[in-house]
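This report describes selected local features of the model shown below.

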Amino acid sequence: MRILVLGSAAGGGFPQWNCNCEVCRAARADDGRAVARTQSSIAVSADGERWALFNASPDMRQQINDNPALHPRVGARHSPISSVVLTNADVDHVAGLLTLRERQPLALYASARVHGALDANPIFKVLNPDFVERRPLPVECAQELCDRDGMGIGLSVEAFAVPGKVALYLENPEAGANFGTAEGDTIGLCVRQTGSDNAFFYIPGCAALDPPLTARLKGADLVLFDGTLYRDQEMVSGGLSPKTGQRMGHISMSGPGGSISAFSGLLVDRRVFIHINNSNPVLLEHSPERQEVERAGWEIAVDGQEIEI
Ligand code: MLT
Ligand code: MN
Ligand code: ZN
């Protein structure tokens, strides 16, 4: 099974268009201190021929152009992308669906909540239903991924609810502390090569490692995990935003409740941070924070990275 990191940055990408923080400035300087990154998405294939996208980022067009495995190669119109799986309805995970229009057969998998968000927005009708089939992704139920014609592509996914928050543009300020978040707004995925033990976890958005998630991840071979912020307060203290990581529905890397500490006893073989926000100092190649996460056994994903399991 091949995993291609199409985009390793969080919403806004790195550098973000309007951000003048130290980390974004380093990416713009292009002097070796930091590598620019596009927004959150991976592609996975069992056979190298048929690919499933996991999340569809606003940078989708560039990501396809940058990855030859995703280029058309048969006939007048073709794409190796046969299916798309969504983990939430955030802008950085669904806006790229608009790039995938033009009468291309696709199967689109998402939770009922995420399908509801797409169904409620008529712009997504550009994905012509004659070509794009929207399919349910129930939790706790392993499901084979199939192309539009119902042919398996050699991958199965099991979705599970993780602590998180409804998409920013769907927040209900009257709904109290969780803004109207419901089950299915944020899911994690276990992706398995059909008929084998090859499997990994993809969890690009997560607010906490609760006991069920901790139990699920114990002993995993590979986890690609939410690396949005290093410190919960970093956007506030940097003058970038009034929001903490917790307010945005993201666990931070550092601190007592952070992901580094939560994973420390979990015996996960390979741990990769993905969905990294432009404010996160781990994006600076030689920062103390980068050294800290690497010392703890974590990798920082980068666009174009390929993982084979
Ligand atoms: C998030 O990951 O919190 C969202 O992508 C934020 C956003 O919608 O920009
Ligand atoms: Mn995001
Ligand atoms: Zn920035």
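Against which helix and strands do the buried residues of H9 pack? The answer follows a note on the basis of the model.

## Basis

The model is predicted: local features need pLDDT of at least 70 and side-chain atom pairs pLDDT 80 or more, whereas totals for chains, interfaces and linings use all residues; side-chain values use heavy atoms, with hydrogens and water left out. Residues are numbered from 1 along each chain as its sequence is written, chains are lettered from A and ligands numbered from 1 in the order in which they are written.

## Helix H9

The buried residues of H9 pack against helix H8 (259–263), strand E12 (270–274) and strand E13 (298–300); contact means heavy atoms within 4.5 Å. Helices (H or I, at least four residues) and strands (E, at least two) are DSSP runs, numbered from the N terminus.

Glu289, Arg290 and Val293 are buried in H9, which spans residues 288–295. These buried residues line one face of the helix, because they fall within an arc of 100° seen down its axis; the arc is that of the directions from the helix axis to the C-beta atoms. Pro288 and Arg295, on the other side of H9, are exposed. Buried denotes under 20% relative accessible area, exposed over 50%, and partly exposed in between (1.4 Å probe, protein chains only). Just after H9, glycine 297 has a positive phi of about 90°.

## Strand E12 and its partners

In E12, 4 of 5 residues are buried. E12 runs parallel to strand E11 (residues 222–226), with 5 bridges joining them, and aspartate 226 has isoleucine 274 of E12 as its bridge partner. E12 also pairs with E13 in the parallel sense, over 3 bridges; valine 272 stands opposite glutamate 299 in E13. Two strands pair if DSSP finds at least two bridges between them.

## Zinc site

The zinc ion (ligand 3) is coordinated at 2.2 to 2.3 Å by the SG atoms of Cys19, Cys21 and Cys24 and by OD1 of Asn278. Donors are N, O and S atoms within 2.8 Å of the metal (3.2 Å for Na, K and Ca); water is not among the atoms, so sites may look incomplete. The site is tetrahedral, with angles of 96 to 130° among its 4 donor atoms; four donors qualify if all angles lie between 85 and 135 degrees.

Cysteine 19 is buried at 9% relative accessible area, and cysteine 24 is buried at 0%.

## Cysteine pairing

The whole structure contains 0 disulfides, a disulfide being a pair of cysteine sulfur atoms within 2.5 Å. The sulfur of cysteine 141 is 13 Å from the closest cysteine sulfur, that of cysteine 146, and is therefore too far for a bond.

Key. Tetrahedral: all angles 85-135°; square planar, octahedral: opposite > 155°, others 65-115°.
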